[in-house]
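Here are my notes for someone opening this one for the first time. Have a look at the model, then walk through the points below.

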Amino acid sequence: MAQPFLEVSGLHKDFGGLTATNNVSFAMGRDEVLGLIGPNGAGKTTLVRLISGILRPDRGSIRFKGKNITRKKTWDIVNMGIASTFQNMRPFRRLPIIANVMVSCLSPRAMKRGEWVKKVEAKAMDALEFAGISDMALEKASTLSQGDLKRLEVARAVATEPELLLLDEPFGGLSPAETDLMAKSIARLHKGGRFGRLHSEGPAMIIIEHKLAQLMKIVDRIIVLDFGNIIADGTPEQIVENPEVIEAYLGEGEI
Amino acid sequence: MGLLGVYFRRTVTILRSEVLVLPSRIAVLVFIVALMALPLFTQDYYFLRVLILTSIFAIFAASWDLLSGFTGQMNFGHALFFGVAAYVTALLNLKLGLPPYFSIPLGAVGGVLTGLVVGIPCLRLKGSYLALTTLAFPIILTGLVFAIPDVTGGELGLAGLSRLTGSRVMDYYLTSGLMVILGFAMWKITDSKTGIILHAIREDELAVRTSGVNTTRYKLLAFCMSGFFAGVAGGLYAHFMRLAGPSGLEVGLSFQVIIWAVFGGMVTIYGPIAGVFILYPLMEVLRVALDSFPGLPEMRMFIFAALVLLTLLFMPEGLIPWVRDKVEIECPRCKVRNAFNRKRCRVCDAVLD
């Protein structure tokens, strides 16, 4: 049997007396877009941070393309092809927007994959173009609005040309119009192809989101977390009808 | 002749299009020309001595800015690099008889190794924890210096190093020339791709890691580069003073460099250099001026502190960025800096407010 693209087994993380993820196990395929939902404090962000290497698990393992990445450094994981964005945006505020993206373009992975690109700035510009904020490339990141900061986060992650993209609330704080635009960008990215000097592998994605209506449109499968446990795993249609999910998170009524 | 003509024309073009268009660059040019021409007008022994020490400390202050200003690794024990390099230089000169042009670079290598020794345990530390840990290193080394007086000369230090060059004027040209070259090199580093990553580490280290950049490597690089430049300053100081002693490791020197850098303007490289060129000679002027009044010479530290505090109260970013913002304006469109009297941007022709 072929190796799963990403395989998480028995992942456990405690913060003092609080269990953030409790023996979480799942696997995903190369072309999947996976939604990760659940109430606040369910352990979604912790799970994503464990995969991206920002946090170290107490137990369990993570395998990416058959390789164990459980205790690898964050930058090694990014250079293997897993990029992530932050729920609370973390731009380099005093640097111009283009320099924010250039840092990602200067990572070993991006440099190796774009060695035919003469100037790092050009590649960074294409990432900004993709995210739709290239017209503000020279402004300081501190001047950006909430929506544009989300776009900058995506541009930074995309610039490393990942194969797996972990998006933590990409629609958070965005207006309905901005949310639609972001959803379209994400769908376009998943299709793959070339954006100027930037190449998209059509990354698999794990998306944490509370705006379920938009999420349902772009994901193939949803995992529901509650108190660190997986309470449901299935297609969007199966999830909305799951009584346990309705009780723990969705409630009655329309999404 | 043809080749010389090409270089001459190229120099004139760069001067006209890159240097003479901005007040700050004109100021740097005037400063360098004045520095180089000064011995033609005076060769006063004491005056040159003050300027030689100023140049040495300017290299030292800029090296602090490279590590603490640009990379955000707050170093409260920067004298360590200076002191270690001074001792290494002195030992190489006295024990092995190496001349200054060998002992100073090797002393700077000592500074690089010290950067590694300090950098590795400090990798996980931030903010005040980092500052306090770095503060401890020179204090520990001072204890070591006193513990092995046979090697380090103990309290008296190692004296009798060979002279830097044969004459005071040559000493002056060597130190001021090195200050200009090394200052430019540090500025180029901060302006490079490595510089962008160092900047970003100061802003948010975790975000740099999730961008796929090995921050450990870059932080150690910053420690080593800063150690190298501070080491050159330490080696020059040892040969010029013909002495390497525990005073080079003093806490006072570590704080002095922070005052110079903060006064001149952090995160600029040229700010700390200007800070030293204003404050160091000023202390000498105050000392001479107050010497004739009984009881007043002790007041010079008070006057110095008051001056620095007042400057920072009105210019929180430091003196040089404040002056630069007065004489230059940023183009709202292409972000290029322009002289304050221009109506339109020199690059994109946008209207300047």
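1. Let's start at a helix end. Helices here are DSSP runs of H or I, at least four residues long, and strands are runs of E of at least two, numbered from the N terminus.

2. A word on the ground rules. This is a predicted model, where local features need pLDDT of at least 70 and side-chain atom pairs count only at pLDDT 80 or more, while totals for chains, interfaces and linings use all residues. Residues are numbered from 1 along each chain as its sequence is written, chains are lettered from A and ligands numbered from 1 in the order in which they are written, and side-chain values use heavy atoms, with hydrogens and water left out.

3. Now the place where the chains meet. Chain B puts 23 residues into the contact and chain A 24 residues, contact being heavy atoms within 4.5 Å. The buried area is about 2100 Å², with 66% of it from carbon and sulfur atoms; that is the accessible area (1.4 Å probe) that two parts lose on being put together, summed over both. On the chain B side, B:Glu203, B:Thr210 and B:Ser211 lose the most area to chain A, together 25% of what that side buries.

4. What holds charge against charge here? The interface of chain B and chain A has three salt bridges, each a side-chain nitrogen of Lys or Arg within 4 Å of a carboxyl oxygen of Asp or Glu. One of them joins B:Glu203 and A:Arg94, at 2.8 Å from N to O. Helix 9 (193-203), helix 10 (205-209) and helix 11 (215-241) of chain B each give two or more residues to the side that touches chain A. Helix 9 of chain B has the largest share, seven residues.

5. B:Cys331 is in none, and its nearest cysteine sulfur, that of B:Cys348, is 3.5 Å away.

Note on methods: Disulfide = S-S within 2.5 Å.
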